[in-house]
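Biologist: I should like a close look at a single part of this model. Please treat that part in one connected account.

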Amino acid sequence: EELAPAAKRRAKATSEGDRSSWAELCSQRRHAALQAHSREEMLDAIFNAWDRDGSGRLDFEEVLPHYMKTAHHQEMLEMEVRKAFEHFMSSQGQKPSEGITPEL
C-alpha cells in the first residue's frame, strides 16, 4: 500500500530516529500556513471540516472526537466532556442542542 507523502516523511523521520527533523518540518509548515492564511480563514476551514452534516453548527457529536484527541483530554470520559460542553453552551446563553455557531 502506497503511503501519502506526509506519511512517508513521518515514517522516514521516525525510522531514522530523527524526530527533531520531523518536528522542524511541522513547525515550518505551521509557520507557512499562518503566513498564507488569516486566523479567520483557518478557523472557518476547521469549523467547516468539523461540521459533518453541513448544518452551520457544531453539535456535541461533531466536537467530541476532536476534543478527545487533544493531549489534555485523552483521559476524560465522554460524560465529563458532555457536562463541560453543556456548561460552556449555557455560559454563552445557548442550549447545548443548538450547537456551536461560527459566531460563538
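Leaving aside neighbours within four places in sequence, with which residues is Met-89 in contact? Please set the answer in the context of the helix α5.

Modeller: The model is a predicted one, and what follows should be read accordingly. Leaving aside its neighbours within four places in sequence, Met-89 is in contact with Gln-94, Lys-95, Pro-96, Gly-99, Ile-100 and Leu-104.

Met-89 is one of the buried residues of α5, together with Val-81 and Phe-85. These three cover an arc of only 75° around the axis, and therefore lie on the same side of α5. An α-helix has 3.6 residues a turn, so residues three or four places apart point the same way. On the other side of α5, Met-79, Lys-83 and His-87 are exposed. The helix itself, α5, covers residues 78-91. Its 14 residues should span 20 Å at 1.5 Å a residue, and this agrees with the separation of its end C-alpha atoms, which are 20 Å apart.

The buried residues of α5 pack against α4. Val-81, Phe-85 and Met-89 also belong to the largest nonpolar core, which has nine residues in all; the others are Phe-47, Leu-58, Phe-60, Val-63, Leu-64 and Ile-100. Two or more residues of this core come from each of α4 (60-69) and α5. In soluble globular proteins, nonpolar side chains tend to be buried together.

Beyond the helix, α5 is followed by Gly-93, whose phi is positive, near 75°. Thr-101 lies in the segment after α5. With a relative accessible area of 16%, Thr-101 is buried, because the cut-off for that term is under 20%. Neighbours within four places in sequence aside, Thr-101 is in contact with Phe-47, Gly-56 and Arg-57.

At least two residues of the lining come from each of α3 (39-50), α4 and α5. The largest share, six residues, is supplied by α3.

Conventions. Residues numbered from 1 in each chain as written. Predicted model: local features only at pLDDT ≥ 70, side-chain atom pairs only at ≥ 80, totals over all residues. Heavy atoms only, no water. Core = buried A, V, L, I, M, F, W, Y, C linked by side-chain atoms within 4.5 Å. Buried < 20%, exposed > 50% of the residue type's maximum accessible area, 1.4 Å probe, protein only. Helix = DSSP H or I, 4+ residues; strand = E, 2+ residues; numbered from the N terminus. Contact = heavy atoms within 4.5 Å. Expected span 1.5 Å × (residues − 1). Arc of directions from axis to C-beta.
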